[in-house]
Amino acid sequence: MTPLAHPVVNTIKGHLVSFARFENGRIKLFEAYTSELEYIAISHVWGDIKWRVIPNVDRERKVSESKANFIATRLPALVGDTAFWMDTLTVDQRNQAEVIATVQAIPTIFREAIRTIAIREGPGIYGCCSNAVKDFKDYSDFFEKLCNHGDSAHWQHKFDEAYLQRLWTLQECVLSHTIEFVVDGLSK
Amino acid sequence: MTATDQPLELKGHGLDPYRGRAEIERVADSLFALAHSFFGPRETQGDQSSEFIRAYVQGGIISRPKPPPRDDTEDIHTGIFRMVQLASNRRASMPRDYIFATMPQFPWYHYPVKAEKMPFSAIFVDLHVQAVRNGHSFAPRITRSMVEKDYSGTDDEAWLPSKEQPEPKCLGDFLKLLGHRIPTEIQGGLNPVHLTTKVMIRGIEDLDPNSILELIESSMRFSQRTWQLAHKGGELSKHGSFPSTGWELDSVDAIRSGWLPLDTPLNHPHIRVIEDKDVNETIMAYGRFPQYKDDQDDVLTAILNLQEGEESEPGSHITLLQQSQMVLDHFWCGLDDITLNRPQGSDWRHYKREMRGSWPRPLLQTMALLAALVSCGIGLSAAPWMRKHFVPVCVKFQDQDNVLLGVLARHALGTDLRKVRSMWSVGRHPQGPGVGQDLSLVDQGTKLPVGILPDFLPDMRTDELFATRMKTLYSGLTASMEEDPRQIRFSHVSMDRVPARK
């Protein structure tokens, strides 16, 4: 049997994983065990991806245009100088074996993170919808307010909340203990 | 944090008055399911799920105590995850991701070596092997003898997952393939695979349109919760629910779907006189009524594909599969005594009247197949794959007035589909939450599973429903408890004790 190549699992220290950190405005990658580092995990939807250059990243990455902008302009303020894990940056997407090997580490990565930043995007719950449901009392009230607002304001509009349509984002939320929801404003 | 936004135009369904609301409901349901999944079964009381939704919608932070790592006693059936996500339309880029995203959290599961080169079916079979080895066996819905035409393995192996599986297109599809967990210890050490009762089955190819519509309605009413989830989760409603009466089957689409156009005078415009016995009316319809022959065997496997197509846009051709789903969703929503949707009930009755005498046979047959899949708990995205391997059949249980839809393996069809045949209904869960679910059709001669039946019990049910349904499912094998008629017990007859009928 071929031994697992990457990431490495240590029963005491956890998984050895590639992380990222902003240094002088640029992303630097390094390896560390999940239990020995305080880091933020990023949960997001991939969208319409292609290989492209991101201003503050050394190599080409497989990302959508909006995500590339997000990484360049908003991510630095969200993570500060804390280490973070984001699949599009810290996993070599050209190496299928590494991509698959990482799946074994994902439960630990999200469970051990100090928090998860979940990035919403896409034509779904718009800013006006958020205002329309602002003071909801419970789920029934939320549902009624959202439907009433949607019936009058969005009956002709797309309503695809991408973050609620992808499988990995469900798992990443379920594995996390603290989630900070942010909106990718450039696409919403 | 909110953002400036530019609402996008809805494409392709400006004329569908029901689609916008269905999409909003789907988003709200998904958000609720996410809140439930985050907080778990006991802790999700109103305030916590509301706070989760508020954090999601308005941008904020939500927290809970750090969950411990999963242990060896847990699997995908632990807790309420399966129940909450069974209708989920969450998608992954690759079929294998449905396993790789959900299973590695359990310490007993390890993705297989060379996984990147393995098809989904092989990874699914490997999942079952690992699950059984570690005491987490589950009841795969599509088994080996259902798909393998000349199955030659043992009786026990016939119940293993087929080496060919339909590739799931969403989380719900994947969870439906698993079925319920099979406990490691069954009381008395009995084989969990057991006889429930005898059923009569028959093909539907020669049924008239009204009979097929009645059969579909019967299945909808029997499996209301399943249909409700199929609509709310978006599986049934994804193309909308306002079909046009002017839809015509494209000939290329027909051939790809296994329907060969016949060259008959009926292909040319003519007047047709039809007697609608249900309402005692004679009507006249004018138009072309092309005839088709279901001849899948003559169609190259490579091109046999029910074309799902992209989301419909104005002017684009609506495929047979899309139209079938739209009509079915319209049908389901139009049962306004169940859905309480009076406007759509009226629209549906109008649509049915307009379609009298002009239902294309491929449309009705595809609707029947899809209805059977919904009722039997198979994801609709599997329709092209299921069409290659299965056919919809009428199923009649003893003591059950209504006839239901099931699916039967093509290789088990026999020569005359109109002939009524006797088969066994077989269960795989004599106890636990899977009782009355994951039912199979078994050939009485070979004792091998060759088809799938609808669940008899929803996940949430009343005592009255439990008693009524179980008496039908285990017809001849049940007895009521004297103290409470809603409590029944049934005799467990393991399949290995049932003699094969010569």
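Q: In what do the side chains of B:Glu217 and B:Arg221 meet?

A: Side chains of opposite charge can pair when their charged atoms come close. Here B:Glu217 and B:Arg221 meet in a salt bridge, at 3.0 Å from N to O, the term standing for a side-chain nitrogen of Lys or Arg within 4 Å of a carboxyl oxygen of Asp or Glu. The model is a predicted one, in which local features need pLDDT of at least 70, side-chain atom pairs count only at pLDDT 80 or more, and totals for chains, interfaces and linings use all residues. Residues are numbered from 1 along each chain as its sequence is written, chains are lettered from A and ligands numbered from 1 in the order in which they are written, and side-chain values use heavy atoms, with hydrogens and water left out.

Q: Where do B:Glu217 and B:Arg221 lie, and how many residues apart are they?

A: Both belong to helix α8 (residues 209-222) of chain B, and because they are 4 residues apart there, about one helical turn separates them. Helices (H or I, at least four residues) and strands (E, at least two) are DSSP runs, numbered from the N terminus. B:Glu217 is partly exposed at a relative accessible area of 23%, and B:Arg221 is likewise partly exposed at 30%; by the cut-offs, buried means under 20% relative accessible area, exposed over 50%, and partly exposed in between (1.4 Å probe, protein chains only).

Q: What is the area buried between chain A and chain B?

A: The size of an interface is often given as the accessible area lost when the parts come together. For chain A and chain B the buried area (lost accessible area with a 1.4 Å probe, summed over both parts) is about 6,200 Å², and carbon and sulfur atoms give 61% of it. A:Leu164, A:Leu167 and A:Phe181 supply 12% of the area that chain A buries against chain B, more than any other three residues. The contact (heavy atoms within 4.5 Å) takes 60 residues from chain A and 69 residues from chain B.

Q: Which element gives the largest share of the side of chain A that touches chain B?

A: The elements giving two or more residues to that side include α4 (96-103), α7 (139-153), α8 (167-175) and β9 (178-183) of chain A. The largest share, 8 residues, comes from α8(A). β9(A) is joined by 3 bridges to strand β1 (residues 61-63) of chain B, and the two run antiparallel; strands count as paired if DSSP finds at least two bridges between them. A:Thr178 stands opposite B:Ser63 in β1(B).

Q: How many bridges pair β2(A) with strand β3 of chain A?

A: In a regular strand the side chains alternate between the two faces of the sheet. Strand β2 (residues 14-23) of chain A has 8 of its 10 residues buried, and it pairs with β3 (residues 26-33) of chain A in the antiparallel sense over 8 bridges. A:Val17 has A:Ala32 in β3(A) as its bridge partner. The hairpin of β2(A) and β3(A) has 2 residues between the strands, and in it A:Asn24 takes a positive phi near 55 degrees.

Key. Buried area = accessible area lost by both parts, 1.4 Å probe.
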